[in-house]
Amino acid sequence: MGNDPWSHWKAFAARSEQSQHNPFTPFLDSAESFAAAARKYLEDARHAPAAEEAARTFSHFLREQSMVFFQPPWSADATTGSAPWAAMLDAPALGLTREHQQRWQRTADAARRVGEAQRRLQCLWSDALRDAATAFAARVAASGIAIPSIGAPSVATLRSLYDSWIDCAEEAYAGTAHSDSFCNALADFVNASSQWRREFAASVEQWSKLMDLPTRSELNSLILRLKSAEEQLRAERQQHELRDAASKPRPTPRASRTRRAKRNPKS
Amino acid sequence: MTNAGLYAALAAANHCAAGCSPKDVVWQSGKLRLYRYRPTAQNTSQPSQGVPLLIVYALVNRPYMMDLQEDRSLIRGLLAQGLDIYLIDWGYPDGSDRFTTLTDYIDGLLAGCVEHILRTHRLDALNMLGVCQGGVFSLCFTALHPQRVRNLVTMVTPVDFHTPADLLSKWARKIDVAAWVSGGNISGDALNQLFLSLMPFRLAHQKYVELFMGAPSRAQIETFMRVEQWIFDSPDQAGAAFQEFVVWLYQENRLVRHQLEIAGRKIDLRALTLPVLNLIGSKDHLVPRDASAALERVVGSKDYTALEFALGHIGMYISARAQHEVPVAIARWLAAR
């Protein structure tokens with residue numbers, strides 16, 4: 001594939017066309033890979049020494065799957081650099097539309113970073129839930145909560161199990177939520193989302209100007225002018241009140257008037 | 001009660017409005033309303049003869065939590081103690097408030113409320129009760145105008161924003177707040193989501209399960225719905241003030257370092273010499289105990305009292321224990337000064 005925009009566009013169109021013919025392809029692929037991983041786990045888990053490793057491998061596979069599940073289509077291949085989208089993000093900005101192109105590129109890049117951060121958060125959530133489940137199993141085993149083999153467990157038993165699960169989940173989540181990796185992923189998510197919104201708003205402003213509609217920037221300018229005028233008015237009113245207070249007649253008004261008359265006989 | 005019955009009871013309780021004590025708007029500026037509460041039946045004496053208590057609530061969430069319902073009302077408790085109560089309702093900021101700063105809130109609106117009350121009562125100073133973020137505002141106001149505040153009570157108020165248990169602070173440190181605000185307001189929904197994320201399993205799941213499993217009475221359902229309303233009735237935050245609050249306090253921890261400036265003047269808590277009562281919730285997940293207790297080591301007052309309650313953030317306002325203990329503690333402490 002050439003590196004010119006037309007080649008990228010043709011590749012993208014072909015890809016879109018292909019996916020239109022079979023929109024279920026991603027789901028089928030996912031189901032097939034899940035079935036393969038599950039089969040492998042069941043085979044390996046039969047043998048005691050390999051069972052633990054098999055569980056770990058399967059758990060890792062599920063974790064990866066959950067990350068892919070939240071991957072938006074435009075960023076699917078972006079990290080590999082092979083997709084037309086990835087190349088378009090880096091396309092040089094030339095000519096009349098370069099400013100608009102750069103804005104779209106920044107918007108697309110921000111969306112890609114939102115997706116990445118979201119997947120990292122999802123991964124950390126997945127780890128927290130795994131830790132919670134492990135802790136919960138250990139706590140139930142240690143507590144000796146009796147679950148009857150016949151008949152339904154009592155409401156009290158269920159309640160106790162539920163509360164234990166919540167405690168384990170909150171503890172595991174707190175451990176993750178306080179970690180640097182979670183704080184960084186959350187900050188990246190918020191920061192990328194903010195950038196995406198800002199770039200998108202800039203595009204909306206561009207279209208609004210073309211349609212001669214009022215924009216948020218114009219409204220902001222007016223609000224700032226109004227605020228400044230209000231502050232000036234308040235300051236002047238305060239000064240006026242201070243002057244009034246300072247020039248208030250003293251308790252003996254007659255004497256005060258007399259003194260003023262003496263100081264300024266013409267008034 | 002069956003699930004269907006509970007569902008119907010919850011739907012029927014949708015109408016329950018929070019706020020129960022009679023009050024009057026005595027001053028307003030923009031969206032701000034200053035309320036004065038009428039004396040309760042238990043106390044029909046003339047509370048105005050004493051020094052009034054101004055409650056400064058936070059910008060986050062609505063102030064009716066102070067007066068949720070008859071048996072869950074800090075304000076009713078204070079009125080029953082014979083105190084003359086004023087409450088600030090900051091209102092719901094909209095797009096036109098996006099450039100409102102902390103200086104506007106503290107040295108403009110809050111100062112306006114104080115001036116009105118002092119003029120009404122012909123006093124030089126009043127008593128102030130700051131709640132949560134309102135506590136930070138109260139500390140700042142008192143530092144700016146020490147002659148205007150006679151006694152200061154802070155309640156679940158963060159002072160040190162960098163304590164180890166402070167999850168909100170950890171999350172906020174690396175966020176580009178200027179980009180987040182981006183010249184606009186921060187939506188209340190976004191903040192709700194943030195607060196739920198602090199303890200997602202308890203706040204978004206367990207409390208509902210507890211309600212369903214507890215066979216609640218009608219009164220309990222109504223209380224639940226009022227609290228539910230309060231939790232999610234979150235005003236948008238004026239962008240400029242939000243940005244200043246998060247950057248200066250959550251990120252840079254300026255208050256405890258005596259580096260905060262409001263209205264171009266330094267907020268030095270070491271210069272506060274008035275009596276201070278600090279009410280702390282030791283189970284508070286939003287404002288951790290240590291974040292509040294830090295006030296003791298930074299405030300200059302020699303008359304400092306800290307009272308700790310084994311309660312969470314919301315429990316400090318509406319739990320049964322708080323109803324019995326908090327208003328009495330405040331009234332006794334004020335009466336002794």
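Two strands pair if DSSP finds at least two bridges between them.

A quick word on the model: it is predicted, so local features need pLDDT of at least 70 and side-chain atom pairs count only at pLDDT 80 or more, while totals for chains, interfaces and linings use all residues. Residues are numbered from 1 along each chain as its sequence is written, and chains are lettered from A and ligands numbered from 1 in the order in which they are written.

Helices (H or I, at least four residues) and strands (E, at least two) are DSSP runs, numbered from the N terminus. Our strand is S8(B), residues 149–155. With strand S11(B), residues 276–281, S8(B) pairs in the parallel sense over four bridges; here Thr154(B) stands opposite Asn278(B).

S8(B) also pairs with strand S7(B), residues 126–131, again parallel, over six bridges. There, Val131(B) stands opposite Met155(B). How does the chain cross from S7(B) to S8(B), and what is the handedness of this β-α-β crossover? The path goes through helix H4(B), residues 133–144, and the crossover is right-handed: with the strands pointing away from the viewer, the path from the first strand over the helix to the second runs clockwise.

Why is S8(B) largely enclosed by the rest of the structure? Because six of its seven residues are buried, meaning 20 or more other C-beta atoms, placed from the backbone, lie within 10 Å of a residue's own.

Now to where the chains meet. The contact (C-beta atoms, placed from the backbone, within 7 Å) takes 22 residues from chain A and 21 from chain B. On the chain A side, H7(A) gives the largest share, ten residues.

Note on methods
Contact = placed C-beta atoms within 7 Å. Buried ≥ 20, exposed ≤ 12 C-beta atoms within 10 Å, placed from the backbone.
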